[in-house]
Each structure stands twice: as C-alpha cells, then as structure tokens.
Amino acid sequence: MSRSAHPAGPRHADVLPEGHYSAPPADLNALDPKVWARTVSRNDEGQATVGGLSVTELAEEFGTPAYFLDESDFRARCRAWADAFGQDADVFYAGKAFLSRAVVRWLTEEGLNLDVCSGGELSTALSAGMPAERIAFHGNNKSEEEIQRAVSVGVGRIVLDSFQEIVRVAHIAQSLGKRQRVQIRVTVGVEAHTHEFIATAHEDQKFGIALAGGQAAEAVRRALKLDGLELIGIHSHIGSQIFDMAGFEVSARRVVQLLAEVRDEHGVELPEIDLGGGLGIAYTSDDDPREPHDIAKALKEIVARECEAARLATPRISVEPGRAIVGPTAFTLYEVGTVKPLEGLRTYVSVDGGMSDNIRTALYDAEYSVALVSRTSDAAPMLARVVGKHCESGDIVVRDAFLPADVAPGDLIAVPATGAYCRSMASNYNHALRPPVVAVRDGEARVIVRRETEEDLLRLDVG
C-alpha cells in the first residue's frame, strides 16, 4: 500500500512508520458507501445514522460495544444474489459468517437457501423455520449425532469431506431407511490469493478430497456404489475474500473435467456443481468487490464453456455467499476510553471492546476502516491504531488508520463491514461479555442477539 511521506497531524515524525494504511483521505468525515451499510449517512448534527437512527441514540439505548445490522441492506443483498443467479441456480447463504434466528427468517422470506456446518447451526436454522430441504450440511468432521439428525430431518444435501464420511453417511441413511442426497467436496489444487488460513483448495489443508492422485475419482466410485447415498454433484471452495475470478475459472475447469471422467467411467452425468463462496467485500476504500450480477454472469459463462468443451450438459450451479451478503451490512460501535500518543510512531486509541468481538485482525491480519461517528471534526488527520481492552499486545481492531487528531475519551467510533465472522467468532476472553446484535430498519431498532450478562458467564461455571 502507499504511504504518506509527511506527518498527517500532531505528534508524528517527518516520515510515517511502516504500516497497513494509505494516505489520509481528503475528508475524514466522509463515510465511503463502498464500506458502510447502505442506509448509513450523517445527520445535520454530524452524527452517523443507520436506518434513520443516530449512533448516539443507539448507544444510549443498547450500549457499546455493539453490532448494528442494517436489515434493509441485508435483505436487498439477498435479493440481489437471488436475482443474479435466477431460477436455474441455487444460492446458499453460508451461515458460518453470521447466523441467528432472525437472519434465518430473512433468508427464508427472501428465497435463499442455507449452508450450515455444525449441529448448533442446524438447530438454529430448524428452530427458525428454514425448510430442511433448503439446508446443506458442511464440515470436515461431522459427528455421527450431527449426521443422524441431518438425515433424519431431511436436509437437502450433505457435503462429504472424506472417505470415512462417505461410509458413515451411507450407513446412517440406510439405518434410517433413507437415501441421502450428497455432494463430494474436492480440493482442486488452486492457490487462492488470500490469507493462508482462509485458502481452502490447495492440497495441503484439512478440507475435501484431492483431485490429485485420483482420490476424488475414487470417492465418486465409492459413493455411487452405496445404496444409502444419492450422489448429485461435486463441491469445490477455493478460499475467502477473493476478488479475482481466475481461481474460479481454474476450479470450474478441473471440476468439469472430473464430471467428464465420471460420465466416461460410470455412464452418469452428475446434475450439479457447487463452486462455493469466498467472494470478497470492501473493508477499506482500496478494495473493489464485484457485484452479484457480474459474478453470476462470469461463473455461468465459465461453466457453460467448460461443459461445452467436454460435451457435457451444463449442470445446475450452486454458490455459497456469506460474507458477501452480511459483511457490509453491519458495523461495530465503540466508545473511546483512552488516547495515547507515541511520539514519532502513532496514537493508540483504546476502545471498550477488542479481540473478543473482532478476532480477525489478530488472526488474519485483516484490514478495516474506522470513523469518528458521534460528531464531525475539522482537526488534522492523525495516524491511529485502534486497540481493545484485553491483556494482549495483539489486541488490535484496526491496525493503522487515520482519525481526527482531536479524538477524545467518550467519543463514539465505528468500524464498518463487521457483519461477517465478528460475532460468529466472538469470545469471552478475559471474561468479556459478547456484544449484542441490533437490527435497524426504517427508524426502528431491535435486539436479535442480546448482550451477554455476568449471570450468563456464572451460569456455565458449575465449580
């Protein structure tokens, strides 16, 4: 990234230190629509608003830290994905990004399917009324109890992730007198340009069955022989936070090649392929995500072209956006507690949350934006590091960003694009209480996941 060559505000050396930041923006008060939820703006008093409600009134009612989710934006993104892929494809929302019963109801109403990867996610989906046939069950090590429940309730598909799981699911399905629809997850050997921990299609990792060495072809042979399974297709997922479609092109080509091999060996044309999710969103103004219609057009063209070359009927496509739907729709609101300038380096701005509500910066070196939202400011830009209150030096929320130099204790600042994985991966480190998720729409706000209490913590402690 580019770096500013001169100090942006007080308490800085003549040259800014190395860091994850661009030059300061022309207007620190601007809220870039690329990274903020669609109804976010500033009111006449300079306060940020979402769904017509100001952050100051939201903070007074719900406290901080808290996640505020723009329900209108979430629903609009669901519709955009559904419209982009149309009736001849399936869109499965990846529940691991963020799942609650309210979200399940929105998905059901907007016509999306749901991908789950644990018994807890399945329970949440079923309790909120998602039809089982619209649920896909993922996971690299599903327990027998999870598989039995998934088969019993009639989930639409189980994605098989290992040779052991092929046998396990078939046995459970037969014992229940059912024939379970399944896909086989393959690793296609594509190196997605993303962080090592969220790249999932190269061979040296835990997910899927490798195409290399004929393992995926052998998995197909075994699945086709088992009465308890109905093999409907092949699944591939190459990683997360991806902007380049080239990886999907290579993945689709290799999956279609496997489909052709299955046809040639078994006389069967599998009717579906799932290309996974992983499409990136804008965390900063430098990110440039693609729109759902562009993604759908590109993926459909890639698959159609490869199938035509292999003389195969074009299979039904499935995709699994999670972050791409929920990520941009929420922001985390914090109150500033302390401001600590370090001469020649940066200013540390400590907030009342941290790695317990957003572990992604520490875990993935993720980059975020941040803004002063309780007021506007004409102060010069100041290179800041937004940090939490936990007992870790790595407790960083935003590694390097510019804030007004007059940021002070009591101010409200917000980090956008925190709808995905922040609440899902939140923890009780230092016995922190996990924040609430508040849905905001048309001037009304309601809690959809309540804030934890000390009583919640003590209730689990049976010592």
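## Two crossing helices

Helix α5 (residues 144-153) and helix α6 (residues 163-175) have axes that come within 10 Å and cross at roughly 50°, where axes are lines fitted to C-alpha atoms over the stretch in contact and angles run from 0 to 180 degrees between N-to-C directions. Helices here are DSSP runs (H or I, at least four residues), numbered from the N terminus.

The contact (heavy atoms within 4.5 Å) involves Glu144, Ile147, Gln148 and Val151 of α5, together with Glu165, Arg168, Val169, Ile172 and Ala173 of α6.

## How the model was treated

This is a predicted model, in which local features need pLDDT of at least 70 and side-chain atom pairs count only at pLDDT 80 or more, while totals for chains, interfaces and linings use all residues. Residues are numbered from 1 along each chain as its sequence is written, and side-chain values use heavy atoms, leaving out hydrogens and water.

Two cavities of 30 Å³ or more are found in the structure; a cavity is a set of points on a 1 Å grid over the protein atoms alone where a 1.4 Å probe fits but cannot get out, and lining residues have an atom within 4 Å of a point. A volume is the space filled by probe spheres set on the points, which are joined across faces, edges and corners.

The largest cavity holds about 50 Å³ of space, and its lining includes Tyr67, Phe98 and Arg423. The second largest cavity, of about 30 Å³, has Ile242, Pro289 and Arg290 among its lining residues.

Methods. 1 Å grid on protein atoms, 1.4 Å probe; cavity = no way out; pocket = protein on both sides within 12 Å on 5 of 7 lines; lining within 4 Å.
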